[in-house]
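Hi everyone, thanks for coming. I'd like to walk you through a structure that may be new to you, so let's get it up on the screen.

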Amino acid sequence: MAKKVLVTGGAGYIGSHTVVELIRAGYEPLILDDYRNSDPSVIQRLKQIIGKEPEHVVCDVCDQNKINEVFQTFDISGVIHFAAYKAVGESVENPLKYYSNNISGLNSILTVIKRNPQIPFVFSSSCTVYGEPSGIKEVDEKTERAIPTSPYGYTKWLGEQIIEDLFTSQGDLKMMSLRYFNPIGAHESGIIGELPVGKPNNLLPFITQTAAGLHNELTIFGNDYPTHDGTCIRDYIHVVDLAEAHVKAIDYLFAQQKGCNEIINIGTGKGTSVLDLVKTFERENNIKLNYAFGPRRSGDVIEIYANVDYALSLINWKAKKDIKDAVKDAWNWEKSIRHLK
Ligand code: UFG
């Protein structure tokens, strides 16, 4: 029988793509979401891709009683925990919202995991835990974690710490944190993708919305950084590759006889500047994008990209897609939701 994997935040951007890849790999995902930051229509969209409505429950991940009930009702074999807030700027304005949701959500799931150590647990972490790398910009998992620059960053930093402390206290747990670099793109079908609420903070959704006419121009935050073209450098990872990494992570954990707590970078290993991404978007989609240089955005890291050797050696995963695929898929998705040709 297919193993049931609980996907908290499974209606969200990365969660929904992971649901598709779990089905493809023979798992039975159970989406847990209260749609506060996603749209219930994603369930029907997923049906279009996978041929059946995925199982789903409406539940606040922080509600310990309801979470206990979900585990009593369903025969859950594994958990992938996405449900969390993720807007860096909003977290600075409203830190308590981030600390209460992101930490208590993790806590309520781990409370159940602690009682059921046979259930593998995968956590969404972020390269934000590295801060601004000093010296070498390619970071591996042994690179020292930095003091986070936002409450959002602290919730990921603390999330990893909570998992480590729990593992220290109980070594039979099977846990893995995936440190995502910058997820971009959409499913190649154009049926699911990112649905930012309000004005997007992230680069590619702002690019696609500008191309679709929702904004007059993209502001590139700073062109005087010490990089090849003066703009910041990130490691942009296609969301479908990232989704596959979750499948490999849970495969790995299911295969373990003993407890483990692993941390892995999930990126491409390549740095791309803001201007590189804009130009790739223009070239691949044959679109002229309106953009202008503006002042630096406070808190931005200058340059960071992943060393991805450990992901390959431990879970046999590496990115298959590149930024060309991502900018095409993201534009395809934007056109489909805006009903553009
Ligand atoms: N950028 C612009 N204009 C925009 C939006 C972004 O120039 O309108 C630039 C940013 O200044 C940055 C780059 O595009 O140089 C990428 O910015 P994003 O906001 O897309 O991504 P970040 O790297 O700032 O943030 C991402 C994730 C966070 C995570 C962080 C870790 O969104 O969840 O990486 O570094 F915490």
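Let's begin at Y13, which sits in helix α1; helices here are DSSP runs of H or I with at least four residues, strands are runs of E with at least two, and both are numbered from the N terminus. Before I go on, this is a predicted model, where local features need pLDDT of at least 70, side-chain atom pairs count only at pLDDT 80 or more, and totals for chains, interfaces and linings use all residues. Residues are numbered from 1 along each chain as its sequence is written, and side-chain values use heavy atoms, with hydrogens and water left out.

So, is Y13 buried or exposed? Y13 counts as buried because its relative accessibility is 8%. The cut-offs are under 20% relative accessible area for buried, over 50% for exposed, and partly exposed in between, with a 1.4 Å probe and protein chains only. Leaving out residues up to four places away in sequence, Y13 touches K86, P183, I184, G185, G193, E194 and V239, where contact means heavy atoms within 4.5 Å. The side chain of Y13 also reaches the backbone oxygen of I184, at 3.3 Å. That is a polar contact: a pair of N or O atoms within 3.5 Å, where within protein one must be able to donate a hydrogen and the other to accept it, and residues adjacent in sequence count only if both atoms are side-chain atoms. And look across to I192: it is 179 residues from Y13 along the chain, yet the two C-alpha atoms are separated by 8.0 Å.

Now for the inside of the protein. Which residues of the largest nonpolar core touch the most other members? Out of 39 residues, they are L22, M176, L178, I264 and I266. A nonpolar core, by the way, is a set of buried Ala, Val, Leu, Ile, Met, Phe, Trp, Tyr and Cys residues joined through side-chain atoms within 4.5 Å. Several elements give two or more residues to this core, including β1 (4–8), α1 (13–24), β7 (174–180) and β12 (260–266). The one that gives the most is α8, with nine residues. Take L22 as an example: apart from its neighbours within four places in sequence, L22 is in contact with V5, V7, Y27, P29, I80, V247 and I250. There's a second, separate core too, made of 25 residues, with V61, A83, I119 and L173 among them.

On to the ligand. It is surrounded by 19 residues, and the closest are N202, L203, T219, R234 and D300; a residue is in that group if one of its heavy atoms lies within 4 Å. T219 uses a backbone N or O atom, 2.8 Å from a ligand nitrogen. At N201, a polar backbone atom is 3.4 Å from an oxygen atom of the ligand. Taken alone, the ligand exposes 680 Å², and the protein buries 90% of that; these areas come from the Shrake-Rupley method with a 1.4 Å probe, and for residues only the protein chains shown count as cover.

Which elements give two or more residues to the shell around the ligand? Those are α7 (203–211) and β9 (218–221), and β9 gives the most, with four residues.

Let's stay with α7 for a moment. Eight of its nine residues are buried, so to speak a mostly covered helix. The buried residues of α7 pack against β8 (182–184), β9, β11 (236–238), α9 and α11 (323–338). Just after α7, G213 takes a positive phi of about 95°.Speaking of phi, most residues other than glycine have a negative value. Y35 has a positive one, near 60°, and lies in the loop between β2 (28–33) and α2. Y35 counts as buried because its relative accessibility is 17%. N286 also has a positive phi, near 55°, in the loop between α9 (274–285) and β14 (291–294).
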